[in-house]
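This report describes the fold, the sheet and the nonpolar packing of the protein shown below. Individual residues are treated alongside the elements that hold them.

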Amino acid sequence: MCWPGSPTASRPAGLTWMWGPLGRALSGLPGADVLADCGRLGAHPQVGELIAEAELLVLFTRASLDHVAHLRERLAIVPKGPQLGVVVIADPRTYRASIDEVRRIVGGQAAFVAGLAHDPKGAELLRGQWGGRLDRSLLIRTARELAGRLSSQVRVP
């Protein structure tokens, strides 16, 4: 299932009444995994009703000071309930060190901190550009690691 996110942070404010019912409907889908990009939903209390229905909440961040500071602010207001993970989009040259640094900053607030390589060439291959082997790209290799980590965090019915 694919549901496009809101292009602006102001649009979801008018839909606050639906976040709780939507969360309950999505969590009740049999045999389905739902990935929802909630980055622009903001801190409306009703968004907490949507998030509370999740089994796993994953926050993405870049490995820069301003993004990690924003991550810490988000961690402070995330509703309690779902298991929480953090994914660091990191430069390949500092990949492991960036993940370790965010892990240190986040501390025990997240069940896990994992990574995804910032790989523009791999992203071009995903868009259909020719010129390399997609399965060997750093983006796909780290995405596979991340998929394994995510699948190990959720319960199998």
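## Sheet, helices and cores

Apart from neighbours within four places in sequence, Val87 is in contact with Val58, Leu59, Phe60, Thr61, Ala114, Gly115, Leu116 and Leu146, where contact means heavy atoms within 4.5 Å. Val87 has its place in strand E2; helices (H or I, at least four residues) and strands (E, at least two) are DSSP runs, numbered from the N terminus. With a relative accessible area of 0%, Val87 is buried; the term buried denotes under 20% relative accessible area, exposed over 50%, and partly exposed the range in between (1.4 Å probe, protein chains only).

The model is predicted, and local features need pLDDT of at least 70, side-chain atom pairs count only at pLDDT 80 or more, while totals for chains, interfaces and linings use all residues. Residues are numbered from 1 along each chain as its sequence is written, and side-chain values use heavy atoms, with hydrogens and water left out.

### Overall arrangement

The protein contains six helices and three strands. Read from the N terminus, its elements follow the order α-α-β-α-β-α-β-α-α. Of the 157 residues in the protein, 31% are buried. Among contacts between residues at least 6 apart in sequence, 67% join residues at least 24 apart.

### The sheet

The three strands make an open sheet, ordered E1-E2-E3, with parallel pairing; two strands pair if DSSP finds at least two bridges between them. Strand E1 (56-62) and strand E3 (112-117) are the edge strands, each pairing on one side only. On average, neighbouring strands of this sheet are turned by 25° against each other, direction ignored; axes are lines fitted to C-alpha atoms, for helices over the stretch in contact, and angles run from 0 to 180 degrees between N-to-C directions.

Strand E2 (residues 83-90) pairs with E3 in the parallel sense over six bridges. Gly85 has Phe112 as its bridge partner in E3. Helix H3 (residues 65-77) packs on the sheet and touches E1 and E2, its direction making about 155° with that of E1. Helix H6 (residues 138-153) also packs on the sheet, where it touches E1, E2 and E3; the direction of H6 makes about 155° with that of E3.

Strand E3 is largely enclosed by the rest of the structure, because six of its six residues are buried. Phe112, Ala114 and Leu116 point one way from E3, and Val113, Gly115 and Ala117 point the other way. In a regular strand the side chains alternate between the two faces of the sheet.

Ile89 lies in strand E2, and its bridge partner in E3 is Leu116. Ile89 is partly exposed, with a relative accessible area of 22%.

Thr61 is found in strand E1 and counts as buried, at 4% relative accessibility. Beyond residues up to four places away in sequence, Thr61 touches His67, Val68, Leu71, Val86, Val87, Val88 and Ile89.

The table gives C-alpha separations for two residue pairs.

| Residue pair | Separation in sequence | C-alpha to C-alpha distance |
|---|---|---|
| Val87 and Phe112 | 25 residues | 8.4 Å |
| Ile89 and Ala114 | 25 residues | 8.9 Å |

### Helix packing and nonpolar cores

H3 and helix H4 (residues 95-106) pack at an angle of about 35°, and their axes are 11 Å apart. In this contact, Val68, Leu71, Arg72 and Leu75 of H3 meet Val102, Ile105 and Val106 of H4.

The largest nonpolar core has 24 residues, of which Leu59, Leu71, Val86, Val88, Val102 and Val106 touch the most other members; such a core is a set of buried Ala, Val, Leu, Ile, Met, Phe, Trp, Tyr and Cys residues joined through side-chain atoms within 4.5 Å. Two or more residues of this core come from each of helix H1 (19-27), helix H2 (45-52), E1, H3, E2, H4 and E3. Leaving aside neighbours within four places in sequence, Val106 is in contact with Leu71, Leu75 and Val86. A second, separate core of seven residues includes Leu56, Val87, Leu139 and Leu146.
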